[in-house]
Amino acid sequence: MTVYVTGDIHGGLDMQKLRDWELGDSLASDDCLIVAGDFGFPWDFSAEECADIA
């Protein structure tokens, strides 16, 4: 298990940055991402947002 900490994530605007992150493909289901700062997500609980945070 690895713990990662990031700054502000502003919903869909920044989710692509996480997808494009160089370590993104190597993340395991037991890894943990802590968002320290504004999260702004989920905004409207759309199906796309719910899939992003699952």
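Phe45 is exposed, with a relative accessible area of 59%; here exposed means over 50%, buried means under 20% and partly exposed is what falls in between, using a 1.4 Å probe and protein chains only. Phe45 sits in the loop between β2 (32-35) and α2 (47-53). Its phi is near 55°, a positive value in a residue other than glycine. Most residues other than glycine have a negative phi.

A word on what you're looking at. This is a predicted model, where local features need pLDDT of at least 70, side-chain atom pairs count only at pLDDT 80 or more, and totals for chains, interfaces and linings use all residues. Residues are numbered from 1 along each chain as its sequence is written, and side-chain values use heavy atoms, with hydrogens and water left out.

**The overall picture**

The protein has 2 helices and 2 strands, and they run β-α-β-α from the N terminus on. Helices (H or I, at least four residues) and strands (E, at least two) are DSSP runs, numbered from the N terminus. The C-alpha trace spans about 30 × 20 × 20 Å along its principal axes. With 54 residues, a compact globule would have a radius of gyration near 10 Å, and the 11 Å of the protein agrees with that. That radius is taken over C-alpha atoms, and the globule rule is 2.2 Å times the number of residues to the power 0.38.

Buried residues make up 13% of the 54 residues. Of the contacts (heavy atoms within 4.5 Å) with a separation of 6 or more, 71% are between residues 24 or more positions apart. The protein exposes about 4100 Å², with carbon and sulfur atoms supplying 56% of it; accessible areas come from the Shrake-Rupley method with a 1.4 Å probe, and for residues only the protein chains shown count as cover.

The pLDDT is the predictor's confidence in each residue, from 0 to 100. Its mean over the protein is 80, and 91% of the residues reach 70 or more. Confidence is highest in strand β1 (residues 3-6), at a mean of 90, and lowest in helix α1 (residues 12-20), at 74. Where pLDDT is low, the predicted coordinates should not be read in detail.

**Some residues to look up**

Thr6 lies in strand β1 and is partly exposed, at 24% relative accessibility. Leaving aside residues up to four places away in sequence, Thr6 touches Leu33, Ile34, Val35 and Ala36.

Ile34 also turns up in a nonpolar surface patch of about 410 Å², made together with Met1, Val3 and Val5. Patches are made of residues with over 30% relative accessible area and no salt bridge, joining like charges within 9 Å and nonpolar side chains (Val, Leu, Ile, Met, Phe, Trp, Tyr) within 5 Å. A salt bridge is a side-chain nitrogen of Lys or Arg within 4 Å of a carboxyl oxygen of Asp or Glu. Met1 lies in the segment before β1 and counts as exposed, at 70% relative accessibility.

Phe41 is in the loop between β2 and α2, and it is buried, with a relative accessible area of 6%. Cys50 belongs to helix α2 and is partly exposed, at 34% relative accessibility.

| Pair | Apart in sequence | C-alpha to C-alpha |
|---|---|---|
| Thr6 and Gly24 | 18 residues | 13 Å |
| Cys50 and Gly37 | 13 residues | 20 Å |
| Phe41 and Asp25 | 16 residues | 22 Å |
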